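Please look over the structure shown below, and then follow the explanation that leads through parts of its fold.

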Amino acid sequence: MSPLDAAFLQAEDEEPGASLAIASIAVFEGPAPTTAEFRAVLTGRLPLIPRYRQKAREVPFDLGPPVWVDGGAFDLDYHLRRTALPAPGGDRELALLMGRLMSARLDRNRPLWEYWLVEGLSDDRWALVSKVHHCMVDGVSGTDLYRVVLDATPEPRPPVTDEWRPAPEPSDLRLTAAAALDAARLPVTALRALAGAARSPAALGRQAWHTVSGLGALATALVPATRSTLSGPPSAERRFAFARASVADVGTVRSVLGGTFNDVALAAVTAGLRRLLLERGELPTAHAVRTLIPVSVRAPGTEDVRDNQVSLLLAELPVHLADPEERLAAVRQEVARLKAEHEAEAGAAVVELARYGPFAAVAASVRLAAHLPQRSIVTVTTNVPGPREPLYALGRRLVEIIPYVPIASRLRLGVAIFSYCGSLTVGITGDYDGAADVEVLAQGIEDGMAELVTLAGARTRTRAPQDSRRTRRTAPRTGSGDAPRPRG
């Protein structure tokens, strides 16, 4: 594992109430397949996902990062489970189930994933809950798993030939010896990396400047946020809720009011958080919500690499602004500032440098940080683009994907945004004790997006008559009598 992958395991170890698995709910048109039918599909895809048959082994004394080893007698039936929603099988019942499923940790003695087939959804639908530990995938590589397991057409692909034979699991002595050898090679590896970077002094200088600038920006953002009920010690149980919008709605807002896809989505989330604070009787202030925004640094074409390749931005969400247009403008300005200050580049550089340091020191830093009462980050907001074309399972069309992001380290709320085939879903993770009102946030996000769409529509209608009059005044005259005469 990379130090970043390992950090998710170590942070989970240090916080007994945390379960650092990421997940999603894929909702399909019915009827639900039998367990045997879906088991056959997974069996035919497992050779394409080697990590699904491996488990994580920690190296003694943290001499090296954890390693992936074959899980021995792999039992697919353990990982593929089935449940059903109570009537009426609507969004509320599905959200309650998701909260329960994500409250439980994955078994470290087995490969770190589970699939839950969920039947009993209303309107003749069924769902697949995919639960995978964060040490294995980030949002991008986790989303790619849908392309591997599912089909691009209603006609299922043939199964892949499986020639897997588990390798013998290494002993602690063997793991220790291999880690010691890797540690001895670290100085040489670091020197080679430095020599390679030195071949382009200009690029190295720019990278160094961006790193220093970004670290300075990250340091100033670590000032404690204004105290509120949004953060505090979380329990071990989770609640879940979700909101819906559309990619077309975001496009409408962008075309009229400006901003990126992420800016518009963040503005809607900001509106929801403002609503939540007001409903709790708290005053939304300018520094009440600092959110961690994961930023993918994954190179194109590496989506199928099962690891984490992310950096971060720390953004102040303008929950103090009541006007939706002002909120969007403030979000745009804040994100642009963070990008100009190179926060993401600095975070990526720190992660890369961790690869060349003694892992014991890196691990000790992560474990220590997990015990510090951080008060700087209030929530996490992640945006993952999903497939634009429809996917299928055993001929059944995938209707929507609802994302789930884990919370820990005094975070009582997490927000995940996901786009698939023109739909936009927002999954809200809440602490069971500290965020019983996650539905308020979900409704606030939907209303925040609706406000922006309504504003964009009104702005378009206001401009249309003016543009029409301007066109009539300035349009060139046509006809032979108005044509310019040639000179000479």
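The paragraphs that follow take up a sheet, a strand pair and a helix in turn.

This is a predicted model, in which local features need pLDDT of at least 70 and side-chain atom pairs count only at pLDDT 80 or more, while totals for chains, interfaces and linings use all residues. Residues are numbered from 1 along each chain as its sequence is written, and side-chain values use heavy atoms, with hydrogens and water left out.

Helices (H or I, at least four residues) and strands (E, at least two) are DSSP runs, numbered from the N terminus. Six strands, in the order β4-β5-β6-β1-β12-β11, form an open sheet with mixed pairing, where two strands pair if DSSP finds at least two bridges between them. Its edge strands, each pairing on one side only, are β4 (80-84) and β11 (392-393). β11 pairs with β12 (residues 396-404) in the antiparallel sense over 2 bridges, and Ala 393 stands opposite Arg 396 in β12.

Apart from that description, β2 (residues 54-57) and β3 (residues 67-70) run antiparallel and are joined by 4 bridges, with Val 69 in β3 as the bridge partner of Lys 55. From β2, Gln 54 and Ala 56 point one way and Lys 55 and Arg 57 the other way, yet all are buried (under 20% relative accessible area, with exposed over 50% and partly exposed in between; 1.4 Å probe, protein chains only).

In helix α8 (residues 247-257), the buried residues are Val 250, Val 253, Val 256 and Leu 257. Because they cover an arc of only 140 degrees around the axis, they lie on the same side of α8, the arc being that of the directions from the helix axis to the C-beta atoms. Ala 248 and Ser 255, on the other side of α8, are exposed. Just after α8, Gly 258 takes a positive phi of about 85 degrees.
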